[in-house]
Amino acid sequence: MTLIKSISGIRGTIGGRVNEGLTPIDAVKFAAAYGTWLQNRNNAKKLSVVVGKDARISGPIISDLVVSTLRSLGISVTDLGLSTTPTVEVAVAMEKAHGGIILTASHNPKQWNALKLLNERGEFISAADGAEVLRIAEAEDFTFAEVDDLGKYTVDNTYLEKHIDAVLKLDGVDVEAIKAANFKIVVDAVNSTGGIFVPALLKKLGVSNITELYCEPTGHFPHNPEPLPEHLTDLSNAILENKADLGITVDPDVDRLAFVCEDGSMFGEEYTLVAVADYVLRNTPGATVSNLSSTRALRDVTEQSGNEYFASAVGEVNVVEKMKAVNAVIGGEGNGGVILPALHYGRDALVGIALFLSHLAKEKKSISALRDSYPKYTISKNKIQLTPEINVDEILSNMAEKYGDKEVDTTDGVKIYFDKEWVHLRKSNTEPIIRIYSESSNTDMANKLAERIMDDIMALN
């Protein structure tokens with residue numbers, strides 16, 4: 001059993017003993033801490049919270065616990081039922097709620113679930129706020145409401161349509177162009193809520209030829225739900241069998257987006273944001289942002305269009321913070337996360353799909369040809385196991401000093417730029433390892449760069 005408490009929420013495996021897994025006691029305790037934090041933040045006035053869940057098997061149980069806990073604090077709940085992370089984010093703002101909770105463990109397997117916490121803007125809470133929620137939970141510093149002051153409960157099934165309608169109204173979403181392109185598309189939604197939302201969006205975009213693969217929201221994931229190439233063989237095969245123009249896949253809570261080409265090859269999850277940003281910049285010039293572990297291709301595309309690129313620390317909260325600071329028109333992460341401030345500051349696969357298909361339709365070329373039009377980079381992901389005697393901060397400092405003649409960024413670990421190659425070293429927050437991401441023009445060169453850096457690190461010990 002595993003239970004991970006962090007500033008971004010609580011996640012764990014279902015079952016086991018209290019404080020060792022995501023048990024009912026842990027779900028109640030953390031929901032109560034979050035509700036209490038909201039009350040403190042708002043001086044305990046009448047509060048409302050939006051709650052939604054992905055299709056995980058444990059979803060109904062965790063949802064009942066969380067909703068009942070919030071109501072027991074005197075907080076009213078608007079329950080979206082089966083939903084997506086970006087939909088809940090949109091709903092918090094539209095409802096003018098004081099916060100939101102998404103019950104999802106994102107790309108983790110079915111035995112996991114989590115509470116992802118939002119503020120009144122529908123954005124993930126900050127590190128400082130997350131630390132305060134953890135403090136309240138640890139102290140069990142909550143007071144529940146008396147019987148006449150219990151929170152109200154409302155079910156709202158309108159946000160599928162509201163979210164999609166908001167996407168359709170975005171500048172650059174061209175329904176007529178998509179309809180004229182007559183795309184044949186296969187969707188793999190890993191039997192979660194993407195199976196409800198993605199086909200519904202495609203139909204509103206004028207796509208009539210849709211093959212639905214694993215679109216029943218049962219929570220029984222047919223393969224590892226992280227949208228990586230090794231997990232998408234069924235989608236690749238279905239594209240070839242159906243002679244489709246492309247495939248679309250999302251993770252269980254629909255904030256990560258990946259495409260598969262007409263020949264069954266991967267468009268590349270790193271390139272989801274690159275392609276969408278390329279299209280957005282043609283219509284709305286401005287800055288772009290991605291995290292330090294994302295592909296350089298976004299920087300290249302941004303600078304080629306005469307705009308400025310910025311890098312942030314890893315983590316959606318950090319990306320959003322940097323986007324606001326530089327007034328970026330688009331940003332996100334290399335894991336297929338597209339953030340468009342014109343709608344909201346959160347990764348949103350529905351936004352990504354609508355803009356990507358508009359781009360592809362107007363380019364009038366195959367998706368593989370579109371992919372080949374972008375700078376070609378490959379990221380190699382490695383790690384070094386840590387032992388207690390290893391001083392990670394000292395290693396990172398020494399590496400920054402060793403390569404002091406290069407461009408070095410110490411915003412989040414150490415990132416070293418070698419012309420158009422780079423290496424990013426970070427200490428993991430969840431495992432005793434140093435993550436080593438490297439990028440070059442092909443896999444062999446990326447691997448060799450990583451090996452060179454790892455040799456340097458070992459030589460320091």
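In which helix does alanine 450 lie? Alanine 450 lies in helix H15, which spans residues 443–459, where helices (H or I, at least four residues) and strands (E, at least two) are DSSP runs numbered from the N terminus. The model described here is predicted, so local features need pLDDT of at least 70 and side-chain atom pairs count only at pLDDT 80 or more, while totals for chains, interfaces and linings use all residues. Residues are numbered from 1 along each chain as its sequence is written, and side-chain values use heavy atoms, with hydrogens and water left out.

**Surroundings of alanine 450**

- Alanine 450 is buried, with a relative accessible area of 0%; buried means under 20% relative accessible area, exposed over 50%, and partly exposed in between, for a 1.4 Å probe and protein chains only.
- Leaving aside neighbours within four places in sequence, alanine 450 is in contact with Asn382, Ile436 and Ser438, contact being heavy atoms within 4.5 Å.

- In helix H7 (residues 194–204), the buried residues include Phe197, Val198, Leu201 and Leu202, and the helix is followed by glycine 206, whose phi is positive, near 95 degrees.
- Leucine 202, when its neighbours within four places in sequence are left aside, is in contact with Ile185, Val187, Val207, Ile210, Ile248, Ile353 and Leu357.

**Salt bridges**

- The count of salt bridges comes to 24, each being a side-chain nitrogen of Lys or Arg within 4 Å of a carboxyl oxygen of Asp or Glu.
- Arginine 347 forms a salt bridge with aspartate 255 at 3.0 Å, N to O, and this pair links distant parts of the chain, since arginine 347 is in the loop between strand E15 (337–339) and H12 whereas aspartate 255 is in the loop between strand E10 (246–250) and strand E11 (257–260), 92 residues apart.
- Arginine 347 also meets glutamate 316 in a salt bridge of 2.8 Å, N to O; because glutamate 316 belongs to helix H11 (residues 316–326) and arginine 347 to the loop between E15 and H12, this pair ties together parts that are 31 residues apart in sequence.
- Arginine 347 counts as buried at 10% relative accessibility, glutamate 316 counts as buried at 10%, and aspartate 255 is buried with a relative accessible area of 0%.
- The side chains of lysine 29 and glutamate 140 form a salt bridge of 3.9 Å, N to O, and here lysine 29 in helix H1 (residues 24–41) is linked to glutamate 140 in the loop between helix H4 (127–139) and strand E7 (153–155), 111 residues apart.
- A network of salt bridges links Arg41, Glu120, Arg121, Glu123, Asp129 and Lys324.

**The four-stranded sheet**

- Four strands form an open sheet in the order E13-E12-E14-E15, with mixed pairing; two strands pair if DSSP finds at least two bridges between them.
- The edge strands, each pairing on one side only, are E13 (309–312) and E15.
- On average, neighbouring strands of this sheet are turned by 20 degrees against each other, direction ignored; axes are lines fitted to C-alpha atoms, for helices over the stretch in contact, and angles run from 0 to 180 degrees between N-to-C directions.
- Helix H9 (residues 270–283) packs on the sheet, touching strand E12 (288–291), E14 and E15, and its direction makes about 180 degrees with that of E14.
- E12 and E14 run parallel and are joined by three bridges, with valine 289 having glycine 331 in E14 as its bridge partner.
- Strand E14 (residues 330–333) pairs with E15 in the antiparallel sense over three bridges, and glycine 332 stands opposite valine 338 in E15.
- E14 and E15 form a hairpin with three residues between them, and glycine 336 in the turn has a positive phi of about 85 degrees.
- Both faces of E14 are covered, with Ile330 and Gly332 buried on one side and Gly331 and Glu333 buried on the other.
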